[in-house]
Amino acid sequence: MASITFPKPNFDLDAVTGAARDATYVTIGLAVLAFQKVQTSRRDLTKSVTAQFGSSKAQIDEVVDALEARLASLDAKLVEIESKLDVAVVDLEKRLPERAASLLGSAHEAAKSARKQVRGLLVTAA
């Protein structure tokens, strides 16, 4: 029986590396924007509480609860985006040559680490 060999696809590793780097930057950028949004909400809450300092504790608790609900919603959306990105990267790694997949995997791990650090900041800011 004759063996059939298929030609190995030719990938531009520089293009793959560039795409992985860009994906990392986009992920980190989204995390930074989310962190800035949380900081803005926190400042708005501080202004609101300061403006209503004479208000009852129940009103202040309502404002804090509303902010916490917004933060929880934002966190859930970030987790959903991260999950989709993780699946897409793993799928892409499977289709790339070994060296390109390794580079993409390294870039993806760096992005995940950065996302975890930003999420840690979000949790402590809340």
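Predicted model: local features only at pLDDT ≥ 70, side-chain atom pairs only at ≥ 80, totals over all residues.
Local features were considered at pLDDT of at least 70 and side-chain atom pairs only at pLDDT 80 or more, whereas totals for chains, interfaces and linings use all residues. Residues are numbered from 1 along each chain as its sequence is written, and side-chain values use heavy atoms, with hydrogens and water left out.

The largest nonpolar core consists of eight residues: V16, A20, V89, L96, A100, A101, L104 and A107. A nonpolar core is here a set of buried Ala, Val, Leu, Ile, Met, Phe, Trp, Tyr and Cys residues joined through side-chain atoms within 4.5 Å; buried means under 20% relative accessible area, exposed over 50%, and partly exposed in between (1.4 Å probe, protein chains only). Helix 1 (13–51) and helix 3 (98–125) each supply at least two residues of this core, and helix 3 gives the most, with four. Helices are DSSP runs (H or I, at least four residues) numbered from the N terminus. Leaving aside residues up to four places away in sequence, V16 touches L96 and A100, contact being defined as heavy atoms within 4.5 Å. A second, separate core has seven residues, among them A34, L45, L67 and L71.

Helix 1 gives the most to the patch, with three residues. L30 lies in helix 1 and is partly exposed, at 42% relative accessibility.

Two salt bridges are present, each defined by a side-chain nitrogen of Lys or Arg within 4 Å of a carboxyl oxygen of Asp or Glu. One joins K84 and E80 (3.4 Å, N to O); these residues are four apart in helix 2, and therefore separated by about one helical turn. K84 is exposed at 56%, whereas E80 is partly exposed at 45%. The other joins R95 and D91 (3.3 Å, N to O), which also lie four residues apart in helix 2. R95 is exposed, with a relative accessible area of 54%, and D91 is partly exposed at 39%.

Helix 2 (residues 57–95) also contains E68, which is partly exposed at 45%. The C-alpha atoms of E68 and S41 are separated by 10.0 Å, the two residues being 27 apart along the chain.
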